[in-house]
Amino acid sequence: MEEENENIEQDKNQNTDTITKVSGMYKEWFLDYASYVILERAVPAIDDGFKPVQRRIMQSMKDLDDGRYNKVANLVGHTMQYHPHGDASIADAMVQLGQKELLIDMQGNWGNILTGDRAAASRYIEARLSKFAISVVFNPKTTEWQASYDGRRKEPVDLPVKFPLLLAQGAEGIAVGLSTKILPHNFNELIDASIQILKGKSFKIVPDFLTGGIADVTNYNDGKRGGKVRVRAKIHQKDKSTLVINEIPFSSTTTSLIDSILKANDKGKIKIKKIEDNTAKNVEILIHIPSGISPDKTIDALYAFTNCEMSISPLCCIIQENKPVFIGVSDALIYSTNHTVDLLKAELEIQLNELEEQWHFSSLERIFIENRIYRDIEEEETWNGVIVAIDKGLQPFIKHLKRAVTKEDIIRLTEIRIKKISKFDIDKAKQFIEGLEEKIAQVKDHLEHIIDFTIDYFKNLKLKYGKGKERKTEIRIFEDIIATKVVMRNAKLYVNRVEGFIGTSLRKDEFVGDCSDIDDVIVFKNDGKMIVSKVDSKTFVGKNIIHVAVFKKKDKRTVYNMIYKDSKSGTTFMKRFSVTSVTRDKEYDLTIGNKNSKVLYFTANPNGEAEVVTINLRSVGNIKKLKWDIDFAELAIKGRASRGNTVTKFSIRKIELKEKGISTLKPRKIWFDETVQRLNVDDRGDLIGEFTADDRLLIISQKGIVKTIIPNLNSHFDNNMILLEKWQPNKPISVVYFDGERERYYVKRFMIEHPDREEKFITDHPNSKLQIIALDYRPMAEIIYSKRSLENEILNFEEFIAIKGIKALGNQFSTDKIKDINLLDPLPYEAPEVNEVELIDEEIIENNAEVIEEENEESDDDVQTTLF
C-alpha cells in the first residue's frame, strides 16, 4: 500500500515538472519571432548593405554566372537553396534590386519605377551580374561562410563589398517593433565623400533619387530619427494654359501623382481641364488649365494639395554585430569606408602570401633543376629515402629562402615532369623570380600606404563606373507655400447683415465674394466688435454687420479707417489700424470698451488708402463750426486696440465722403532669392527695388524672350532667365545677337510696346543666339573678336542705332566671329526729377501694433489729439 502511494506521488511530481505556462511560451515565441524578422528579413547589414534575401540572390547569381543572361525563374529557383521562403518573395526582391540599376544587368520587362508598372513574370525576364557587382561585391578568399538553412550548402555570412552600397541603394523595411528607411545617395558623391574621410577632411552627403525631382534637405538630420526631406516634382510652364511635369518625387509614380491631382481637382482645391500622361522612357505629364487661371498659382497649389510635394522621414537602422543599431548616414559611410580599407588590406595580405609562396617554390624549383638535385634520388629505393636525399641536396642552396623547406615542398618537387626539367631555361626562371620580387615589393608598398591605395581604388571606381551616374535630384531650399493663398476659390461667401449670419449656403442673401473651404472670414459690426471665423455653410457672428471679407493673415497693407462714438462720454474718435493676426472665433472690441458704443464711419483699404471726409454736427446750443473736413492721411496707423484721436465731443449728424483716398503706404521692397527662385519681402537674396501697385518686373531669358509682370510672390521663374529687374517704361533695351539664318551679328535698341505680352526680340532661327543685353540709357561695350588679327572694337549703342520696334531686325554689326563682349561704364545720363510724396512704412504699422495694450493704459490727455 505504501509503495503504491509513493508511485502515485512520483507520478504527480513528474507531471508537475513537465508543465509549462502558456504566458511564458508566448513571451519566448514573440521574442524569437521579432529577432528573426529583424535579423533575417527586414533590416540590412552595415557590412555589405544587403538584407539576407538580397545577399542570397547575389550569391546565387555568382554561382550561375558565366557572362550570359539567366532566366530570373532559374535564378529564383537556385536562390531557394539558400533562402527558406517562397519564390514570389525572392522574385520581388530581385526586381527591386534590379530597378536600382547598380548590381544587375536586366533584359526584358523589369517594370517601371516612374509609372509603377510591375515587371513581367520571372520566366520571361533575364538577368546577370553587372561588371560593377563582379568587381566590388565578391571575393571568396575574404568571405566568411556558414551553413545554409538545411545544411546542404555554404552561404556567405556577409559579402565582402568594397563600396558604401547600403547608402548608394538605400533600404526600406518594417520589422517587429522597429523599421528602417535609408534614402539612396549619389554614386559619385559617396566616392568623393569616402576619399574625404580617408584624407581626414569633413564631408556631407545628401540623398539622390533615380526619379529626379527637387529635394529640400535642410532638415535631413543626417538620416537619423526625427529628420525630414521634402521632395517635389519638377513643374514648368509650357504656355499660358499648359503645365508640364517631367520629374516626379521619390516614392511616387505617375499613376499615384495623377490620381492625387484629380482628387484635388474634385475637391475644388485646384482647377484643371484635363491631364495627359505621355510618360515613356522619361516622365511627361501635361496639365491643361482653364483660361483665366494663373499658372504660377496652380503650380503652388499642386505642391500644396497633391503628391507633387511629399515629405519623407528617414530612419537609418542597420544590423551591426548581430544587433539593430540606429546611426546617421555619415557614421554609416565612415564605417563602410573603414571596412573597405580592412577588406583591401586583407586582399593584399592574401595576395602577398600567395606571391611569397609562388616565389618560394619557384626558387626551390630553380635550385632543384639548376643544381641537378634530382640525380641524387636515382639510387634511392624507398620513398622516405627520396625525401631525405632531396632535402640533403637542397641544404647548401636554401639560406636565402624566406622560410624553411617543408616535406610538402619536397613532394611538389618530385611531381615536376621530366619534360619541364629537360626544357628548363635558367634565364627565364630568373626573370620570372625577379618579376615576382617586384610584385611582392609593390604589394608591400600598398600595405604600407594602405590609405593612399584605398583612395586610388575609389578614384578608379569613379573613373570606371561613375559615368552616367551624375546627380539626378536638384537640391534646393523650398519656400513655404501658404495654402490659403494658392487654394482655388471653390465656394461663394454670402452675408445677412441684419440677422448676423455669414456662410456659403446663404444664396438668397448678399454676395460677398469667392472663397475656399480653408479660408477665414473677418467681420466688423456696428457696435465696434470684430471677429474672425472659419468659412462654413452658415455661421452666426452677430447682428448689424458693416463689413465682411476673406481674412488675409499677416496682411500689413490692408488698413481700416474708422470713426466711432463712445457711449459713455459721447466723444467721437477716429483711428486707422491693420489686423495682422487674431485668435479665431474670439470677439475683439475696437472701441474704448463701453457698451452701446457705435461705429459712425468705416472703410477697408487694401493698399492703405486714406480718404477725406466731411463732418456735419447737429445744430445744438452755441456751436460755431458745424462742418469741416478731416483727412485720414494725417492720422498715424496703429494697432487695432488703440483708442484713436478725438474728432469732437459734440453730436455728429452725418459723415460724408468728400474725396477718395490714395495709398499712403511706401512702395513695397521686393527681393529675389536665387536659392529658391522666388520673390519675397523678407530681405532674402538680392533687392530688386521698391514697387507700387502699378510697377512691373522686367524678365529676359537666354532665348531672347522679354516680358513684364506685376510682382507676385507666387511667381515662378525659368532656369534660363538671365535678367530680372524693375521695369522702367522709358528706358531702352540694347542687345547684340547672332542671327542664325544670315550668320552675322546684329545690334538693336527697342522699347517694350506691349507690357502684358510675351515677345521674342531675336530671330526665330534655331542657331540664333543672344550675345549680350544692356539696360543702361547710354550703354557702351567692348567687342573682342576670335581672330587675333582683328583689333578690339568699342561699340556705342546710342550712336550705332536709334531706338526701333521690338520686331525690327536691327543694324548689321559684323560677320566676323565674336569671342566675347564686355560691357563698359555707360555714358552720363540725367534722369528727370520726380516729385516725392511722404509715405508710411509698413514696418511702422507693425511697430505700432505692438504697443496696443500700452495705449489703453495711458490717460486721455496723453493719447488724444483734439481736431476740433
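Predicted model: local features only at pLDDT ≥ 70, side-chain atom pairs only at ≥ 80, totals over all residues.
Local features are reported only where pLDDT is at least 70, and side-chain atom pairs only at pLDDT 80 or more, whereas totals for chains, interfaces and linings use all residues. Residues are numbered from 1 along each chain as its sequence is written, and side-chain values use heavy atoms, with hydrogens and water left out.

Helices and strands are DSSP runs numbered from the N terminus (helices: H or I, at least four residues; strands: E, at least two). Helix H3 covers residues 52–63. Its twelve residues reach 16 Å from the first C-alpha to the last, close to the 16 Å expected at 1.5 Å a residue; the expected span is defined as 1.5 Å times one less than the number of residues. Solvent exposure is described by relative accessible area (buried, under 20%; exposed, over 50%; partly exposed, in between; 1.4 Å probe, protein chains only). Ten of the twelve residues of H3 are buried, so the helix is largely enclosed by the rest of the structure. Among the buried residues of H3 are Pro-52, Val-53, Arg-55, Arg-56 and Ile-57.

Helix H3 has a helical neighbour in H5 (residues 87–98). The axes of H3 and H5 come within 10 Å and cross at roughly 80 degrees. Axes are lines fitted to C-alpha atoms, for helices over the stretch in contact, and angles run from 0 to 180 degrees between N-to-C directions. Angles under 35 degrees count as roughly parallel, over 145 as roughly antiparallel, 65 to 115 as roughly perpendicular and the rest as oblique. H3 and H5 are therefore roughly perpendicular to each other. In this contact (heavy atoms within 4.5 Å), Val-53, Gln-54, Ile-57, Met-58 and Met-61 of H3 meet Ile-90, Ala-93, Met-94 and Leu-97 of H5. By class, the residues of the contact of H3 with H5 comprise eight nonpolar, one polar and no charged. Here Ala, Val, Leu, Ile, Met, Phe, Trp, Tyr, Cys and Pro count as nonpolar, Asp, Glu, Lys and Arg as charged, and the others, Gly among them, as polar.

Helix H3 also lies across strands S2 and S3, running at about 85 degrees to S3. These strands belong to an open sheet of three strands in the order S1-S3-S2, with antiparallel pairing. Strands S1 (70–71) and S2 (104–107) stand at the edges, each with a single partner strand, so one side of each is left without a neighbour in the sheet. Two strands are taken to pair if DSSP finds at least two bridges between them. S2 and S3 (residues 126–129) are joined by four bridges and run antiparallel; Gln-107 has Glu-126 in S3 as its bridge partner.

The loop between S2 and S3 contains Ile-113. With a relative accessibility of 29%, Ile-113 counts as partly exposed. Apart from its neighbours within four places in sequence, Ile-113 is in contact with Gln-99, Leu-210, Thr-211, Ser-252 and Thr-253.

A second open sheet has three strands in the order S45-S44-S48, with antiparallel pairing. Its edge strands are S45 (793–796) and S48 (818–824), each of which pairs on one side only. The twist averages 25 degrees from one strand to the next. Strand S44 (residues 780–785) pairs with S48 in the antiparallel sense over six bridges, and Ile-783 stands opposite Ile-821 in S48.

Another helix pair is formed by H11 (residues 329–370) and H16 (residues 450–465), which pack at an angle of about 105 degrees with their axes 10 Å apart. This angle makes H11 roughly perpendicular to H16. Residues in the contact include Val-341, Leu-344 and Lys-345 of H11 and Phe-453, Tyr-457 and Phe-458 of H16. The contact of H11 with H16 has eight nonpolar, three polar and one charged residues.

Backbone angles were also considered. Most residues other than glycine have a negative phi. Ser-251, in the loop between strand S11 (242–247) and helix H9 (254–266), has a positive phi near 75 degrees. Ser-251 is partly exposed, with a relative accessible area of 48%. Glu-321, in the loop between strands S15 (317–320) and S16 (323–326), likewise has a positive phi, of about 55 degrees. Glu-321 is exposed, with a relative accessible area of 72%.
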